[in-house]
Amino acid sequence: MGLEKQLADEQRDIRKEVLIRRVLHQLRDTVQLQGVTPETKTDDVVACLTDESVQIIATLVEAVDILEAIIWASDGCIGHRDCAHSMEPWQRARALLAGKWQAYEDRSEWPNVVR
């Protein structure tokens with residue numbers, strides 16, 4: 001494996017790890033703690049996501065990464081634009097990732113919970 005490919009792979013892995021951690025950080029604020037009984041106190045607790053949380057989110061991040069790579073690789077492809085197949089999945093994928101790309105430009109959070 002060439003050094004350039006190795007560096008590109010490492011950079012991709014780092015980007016995925018950062019996205020996983022960002023998503024988990026955002027999810028932490030969405031967790032609700034409930035007592036088993038009405039008397040159970042939940043005032044002094046913190047929600048912690050586990051390694052299993054990372055594994056679940058990592059799968060979704062990998063899907064986003066693959067989808068993003070497909071879209072970037074196909075940009076400018078005349079074959080796809082003139083193809084007889086529906087462009088609807090590509091349009092949906094672009095719409096899905098538009099928020100991610102905009103958040104990167106704006107240096108804001110993605111995914112973002114509307115409150």
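1. Let's start with Lys-100: leaving out residues up to four places away in sequence, its contacts (heavy atoms within 4.5 Å) are Leu-19, Val-64, Glu-68 and Trp-110. Lys-100 sits in helix H4, residues 88-106, and is buried at a relative accessible area of 18%. Here buried means under 20% relative accessible area, exposed over 50%, and partly exposed in between, with a 1.4 Å probe and protein chains only.

2. A quick word on the source: this is a predicted model, where local features need pLDDT of at least 70 and side-chain atom pairs count only at pLDDT 80 or more, while totals for chains, interfaces and linings use all residues. Residues are numbered from 1 along each chain as its sequence is written, and side-chain values use heavy atoms, with hydrogens and water left out.

3. Which residue forms a salt bridge with Lys-100? That's Glu-68, with the closest N and O atoms 3.2 Å apart. The pair links distant parts of the chain, since Glu-68 is in helix H2 (residues 51-74), 32 residues from Lys-100 in helix H4. A salt bridge is a side-chain nitrogen of Lys or Arg within 4 Å of a carboxyl oxygen of Asp or Glu.

4. Now look at Asp-9, which is buried at 17% relative accessibility. Asp-9 forms salt bridges with Lys-5, at 3.0 Å between the closest N and O atoms, and with Arg-12, at 3.1 Å. Lys-5, Asp-9, Arg-12, Asp-13 and Asp-65 are linked in a network of salt bridges.

5. Overall, the protein has 4 helices and 0 strands; these are DSSP runs (helices H or I, at least four residues; strands E, at least two), numbered from the N terminus.
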